[in-house]
Amino acid sequence: MGFDIYAVKPKTNKEEHSYFRANVWYWRPLWAFVEKICCDEISKLDEGVGHSNDGYEISDEIASIIGRKINIALENGLFKQLQDDLDTLKNGIPEDDCRLWYNCDYELTKSFADFCLNSGGFSIC
């Protein structure tokens, strides 16, 4: 299972500004990170947005805020802290637990920030 994220009104003709995809093992930690750094903006949306792929639409305004805040977090070390926290958590999980498959990826997160800034809003499918 994966999450397909479609731009509402892409600001460029680049494919990476029209479509973003992540499998569930990368999307859920990425969206949890978005919820952490964008809690004020996300709190204005329906509860659970981002945790299902039912087509929920994020406005351009909120998408742009998400993109900017992700970039700041990538630069100031907050994302690295999230990666370290996830690794610490995974150390206490039994080897046969599927939660070990969750991952935080710097490049994927950076790509999502770029997508958010250039998507004109997006829907989570």
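E41 is buried, at 12% relative accessible area, where buried means under 20%, exposed means over 50% and partly exposed lies in between, with a 1.4 Å probe and protein chains only. The residue belongs to helix 2; helices (H or I, at least four residues) and strands (E, at least two) are DSSP runs numbered from the N terminus. The structure is a predicted model, in which local features need pLDDT of at least 70 and side-chain atom pairs count only at pLDDT 80 or more, while totals for chains, interfaces and linings use all residues. Residues are numbered from 1 along each chain as its sequence is written, and side-chain values use heavy atoms, with hydrogens and water left out.

**Overall fold and dimensions**

- The protein has five helices and four strands, and their order along the sequence is β-β-α-α-β-α-α-α-β.
- The radius of gyration, taken over C-alpha atoms, is 14 Å, which agrees with the value near 14 Å for a compact globule of 125 residues; the globule rule is 2.2 Å times the number of residues to the power 0.38.
- The C-alpha trace spans about 45 × 30 × 30 Å along the principal axes of the protein.
- Of the 125 residues, 42% count as buried.
- Contact means heavy atoms within 4.5 Å. Among contacts between residues at least 6 apart in sequence, 70% join residues at least 24 apart.

**Surface and charge**

- The accessible surface of the protein comes to about 7,000 Å², and 48% of this surface belongs to carbon and sulfur atoms. Accessible areas come from the Shrake-Rupley method with a 1.4 Å probe, and for residues only the protein chains shown count as cover.

- Leaving out residues up to four places away in sequence, E41 touches I62, I65 and K69.
- E41 and E61 are 20 residues apart along the chain, and their C-alpha atoms are separated by 9.6 Å.

**Helix 3 and S64**

- Helix 3 runs over residues 60-76, which makes 17 residues, and reaches 24 Å from its first C-alpha to its last, close to the expected 24 Å. The expected span of a helix is 1.5 Å times one less than its number of residues.
- The buried residues of helix 3 are I62, A63, S64, I65, I66, G67, I70, A73 and L74.
- These buried residues pack against helix 1 (24-37), helix 2 (39-42), strand 3 (56-58), helix 4 (78-91), helix 5 (106-118) and strand 4 (122-124).
- S64 lies in helix 3 and counts as buried at 10% relative accessibility.
- Apart from neighbours within four places in sequence, S64 is in contact with K11, C116 and L117.
- The C-alpha atoms of S64 and D114 are separated by 9.2 Å, although the two residues are 50 residues apart along the chain.
- Just after helix 3, G77 takes a positive phi of about 95°.

**Helix 5**

- Helix 5 has 13 residues and reaches 19 Å from its first C-alpha to its last, close to the 18 Å expected.
- T109, F112, A113, F115, C116 and N118 are the buried residues of helix 5.
- The partners against which these buried residues pack are strand 1 (2-7), strand 2 (19-23), helix 1, helix 3, helix 4 and strand 4.

**From helix 5 to strand 4**

- G120 sits in the loop between helix 5 and strand 4 and counts as buried at 12% relative accessibility.
- Not counting residues up to four places away in sequence, G120 touches V8, K9, K11 and D60.
- G120 and N71 are 49 residues apart in sequence and 17 Å apart in space, C-alpha to C-alpha.
- S123 is found in strand 4 and is buried, with a relative accessible area of 13%.
- Leaving aside its neighbours within four places in sequence, S123 is in contact with D4, I5, Y6, V8, G55, Y56 and E57.
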